[in-house]
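Here is a short report for a reader meeting this structure for the first time.

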Amino acid sequence: MWINSGDDFINPPELGIAEREVKRLKNGRFILIPASEQTFGHGTHTHAALWKEHLAELLRKSAR
């Protein structure tokens, strides 16, 4: 799983790198969190409330 935010200035989604490279991952999935007043650019990864449901989904699927 690859998660990024729309306002990430270190890994800007406009470059399309994630969409291209996630295809190389077996069972890979890319999730883009839209930029909003709740995101923090590259620091969004430290705010689990914005991505925790995606992690929970991954863990549920991997438990099967």
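## The largest pocket

Six nonpolar, seven polar and one charged residues make up the lining of the largest pocket. Here Ala, Val, Leu, Ile, Met, Phe, Trp, Tyr, Cys and Pro count as nonpolar, Asp, Glu, Lys and Arg as charged, and the others, Gly among them, as polar. The volume of this pocket is about 240 Å³. Of its 14 lining residues, Trp2, Ile3, Asn4, His45 and Trp51 are the closest to the centre. Strand 1 (residues 2-5) gives the most to the lining, with four residues.

On a 1 Å grid over the protein atoms alone, a pocket is an open set of points where a 1.4 Å probe fits, with protein on both sides within 12 Å along at least five of seven lines; lining residues have an atom within 4 Å of a point. Grid points are joined across faces, edges and corners, and the volume is the space filled by probe spheres set on the points.

## Basis of the model

The model is predicted: local features need pLDDT of at least 70, side-chain atom pairs count only at pLDDT 80 or more, and totals for chains, interfaces and linings use all residues. Residues are numbered from 1 along each chain as its sequence is written, and side-chain values use heavy atoms, with hydrogens and water left out.

## The chain

The protein chain has two helices and two strands. From the N terminus on, they run β-α-β-α. Helices (H or I, at least four residues) and strands (E, at least two) are DSSP runs, numbered from the N terminus. The C-alpha trace spans about 35 × 25 × 15 Å along its principal axes.

Of the 64 residues, 22% count as buried. Buried means under 20% relative accessible area, exposed over 50%, and partly exposed in between (1.4 Å probe, protein chains only).

## Thr39

Thr39 sits in the loop between strand 2 (30-33) and helix 2 (52-62). Thr39 counts as buried because its relative accessible area is 8%. Its side chain makes a polar contact (a pair of N or O atoms within 3.5 Å, one able to donate a hydrogen and the other to accept it; residues adjacent in sequence count only if both atoms are side-chain atoms) with the side chain of Asp7, at 2.7 Å. A polar atom of the Thr39 side chain also lies 3.0 Å from the backbone oxygen of Ser36.

## Asn27

Asn27 lies in the loop between helix 1 (17-21) and strand 2. Its phi is near 60°, a positive value in a residue other than glycine. Asn27 counts as exposed, at 73% relative accessibility.
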